[in-house]
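Here is a short report on the structure shown below. It goes topic by topic, from single residues to the contact between chains.

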Amino acid sequence: MSATVVTITSGKGGVGKTTATANVAAALAAEGHKVVCIDADIGLRNLDVILGLENRIVYDLVDVIEGRCRLRQAMIRDKRLPTLHLIPAAQTRDKSAVSPSDMVRLCNELRHEADWILLDSPAGIERGFRNAIAPADIVLVITNPEISAVRDADRIIGLIEAEEKGPARLVVNRLKPEMVRRGDMLAIEDVVELLAVDLIGVVPDDEQVVVSANRGLPIVLDGKSRAGQAFRNIARRLQGETVPFLDLESGAGFFERLSRFLRSGGN
Amino acid sequence: MSIQVEIKGIREGLLVTLGDGSWDEREAALLSHLDEKGAFLRGARIALSVGAQPLKAVQLGRLRDAISERGLTLWAVLSDSPKTQETAQNLGLATRISKPRAGRSIKSLETRFQGGEETILVQRTLRSGYRLENEGNVVVIGDVNPGAEIIAGGHVIVWGRLRGMVHAGAQGKEDAVVCALDLSPTQLRIADKISLTPKRRGKPKPEMARLVDGAVVAESWSPKKITGMDTV
């Protein structure tokens, strides 16, 4: 068993890196893969909260790296998805507690134990980003259809290319088809044209994402959510499957969308 | 035999020059030197001079990380090797410490232009944060995205969309031009004149910008108009 290391990054903060990490991880685990998520956002950890594992943290990433515990001891196993594991970040330290070579070593050790290793990168382009990118086999860049987020994604993609980790794959998160139709939001084509990288997912804006984050229950476990479906599709595309993109922005009226919704089996 | 590591204080931080040897030896010498002087140098900004050593992104990236693990910052790499210069620029490192004096460089620039040399060709997308500087002309085959910067002593030609910042004739060459298939830079400078691009309506078309009576003028690049350029 040799795992694929996927780093999820964005440059800009608040675009949904942690949500995407949690959901893609949960989707992969739901298919039976052994998944280890690593929260590389040391000092500002969130992934444990989104996954609902906060109260089970005993040891963290920095404890592993500084040798205070064994790797296995820091891996928290999710009770709902028994193949999903989390190595949480330390909250009382900062990014300088870990170096890029530490991350490479840690991931190499984990490669034998898992199918997928998902790394949640912190925002920014400094040490924390370089820690997260160092062990990556695949890099997912998350952006929102907003000019500032796209600009930062462009910068990040350039840095990923410079580190010879490219080509990055793009996830456009929080798309509002209504607004795109009115011409008030960047369309997917505009974003892809500017960034010139392959698209691996488009996630519609969904209020349920916030609700599920508050409950610590990844939205992919909710079979009815469109966002959940989008994340499940990303997980399948990561495995090399060709999955058509969700039809989000056709000019269809309510009834047509409803009938399509029913035909697709409520997904 | 040990490799000499020379450290000199300069205005921008420390200038480190490495003696001759294979890259592995030189890298090891540098790092062990930094380990020895670690506490003393901590927090310093390092400009590293590597001579003609060609360096790949992996090598330079590893060195930069090793240096930052020692609490120092590598911010510039000086080299005669074009490969190393390109690698350094890709990693966002500077490739020279201070700008040459204007008077001297303009003179040397003119002689270079007469020779018709020093044009660099870049065949890729220039993304945000990428800064391309050349004393001669710059030709880009690809897009120049917002947040990218091109600074050229001579002309700039972009076979693609130009949406970043571009400065042609940066050392005072007033007859420098900027051409692009879609000329929509965030800011366009020619010599010492600055202009903003007006919002475009309709389909982008190839355009050329140049100075006419001290103002930046953009004109269509189609063959029809080029004969009557002055009327645009």
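In which strand of chain A is the place of A:Arg174? A:Arg174 sits in strand S7 of chain A. Strands here are DSSP runs of E with at least two residues, helices are runs of H or I with at least four, and both are numbered from the N terminus. The phi of A:Arg174 is near 65°, a positive value in a residue other than glycine. A:Arg174 counts as buried because 22 other C-beta atoms lie within 10 Å. The cut-offs are these: buried means 20 or more other C-beta atoms within 10 Å of the residue's own, exposed means 12 or fewer, and partly exposed is in between, with C-beta atoms placed from the backbone.

This is a predicted model: local features need pLDDT of at least 70 and side-chain atom pairs count only at pLDDT 80 or more, while totals for chains, interfaces and linings use all residues. Residues are numbered from 1 along each chain as its sequence is written, and chains are lettered from A and ligands numbered from 1 in the order in which they are written.

## Loop and helix pair in chain A

The loop between H7 and strand S7 (169-175) of chain A holds A:Pro167. The peptide bond from A:Gly166 to A:Pro167 is cis, with omega near -5°.

Helix H7 (residues 147-162) of chain A meets helix H9 (residues 188-195) of chain A. Their axes come within 10 Å and cross at roughly 30°. Axes are lines fitted to C-alpha atoms, for helices over the stretch in contact; angles run from 0 to 180 degrees between N-to-C directions. The crossing of H7(A) and H9(A) is right-handed, that is, the near helix is turned clockwise from the far one by less than a right angle. H7(A) brings A:Val150, A:Ala153, A:Asp154 and A:Ile157 to the contact, and H9(A) brings A:Val191, A:Leu194 and A:Leu195. Two residues are in contact if their C-beta atoms, placed from the backbone, lie within 7 Å. By class, the contact of H7(A) with H9(A) has 6 nonpolar, no polar and 1 charged residues. Ala, Val, Leu, Ile, Met, Phe, Trp, Tyr, Cys and Pro count as nonpolar, Asp, Glu, Lys and Arg as charged, and the others, Gly among them, as polar.

## Nonpolar cores

The largest nonpolar core has 85 residues. A core is a set of buried Ala, Val, Leu, Ile, Met, Phe, Trp, Tyr and Cys residues joined through C-beta atoms within 7 Å. Among the residues with the most contacts inside this core are A:Leu118, A:Ala25 and A:Val35. Leaving aside neighbours within four places in sequence, A:Leu118 is in contact with residues including A:Val6, A:Ile8 and A:Cys37. Another core, of 27 residues, lies apart from the largest one; B:Val144, B:Val156, B:Ala176 and B:Ala209 are among its members.

## The open sheet of chain B

Chain B has 6 helices and 15 strands. Of its 232 residues, 32% count as buried. Five of the strands form an open sheet in the order S6-S8-S10-S12-S13, with mixed pairing. Strands S6 (131-134) and S13 (193-195) stand at the edges, each with a single partner strand, so one side of each is left without a neighbour in the sheet. The twist averages 10° from one strand to the next. Two strands pair if DSSP finds at least two bridges between them.

S6(B) and strand S8 (residues 149-152) run parallel, joined by 4 bridges. B:Glu133 has B:Ile151 as its bridge partner in S8(B). Strands S10 (residues 165-168) and S12 (residues 187-190) also pair in the parallel sense, over 4 bridges. There, B:Val166 partners B:Leu188. S12(B) and S13(B) run antiparallel, with 3 bridges. B:Arg189 has B:Ile194 as its bridge partner in S13(B).

## Two loop residues in chain B

B:Ala191 is found in the loop between S12 and S13 of chain B. The hairpin has 2 residues between the strands. B:Ala191 has a positive phi of about 50° although it is not a glycine. With 18 C-beta neighbours inside 10 Å, B:Ala191 counts as partly exposed.

B:Gly153 is in the loop between S8 and strand S9 (156-162) of chain B. B:Gly153 is buried, with 26 other C-beta atoms within 10 Å.

## Where the chains meet

17 residues of chain B are in contact with 15 residues of chain A. Helix H3 (residues 57-69) of chain B gives the most to the chain B side, with 6 residues. By class, that side has 5 nonpolar, 8 polar and 4 charged residues.
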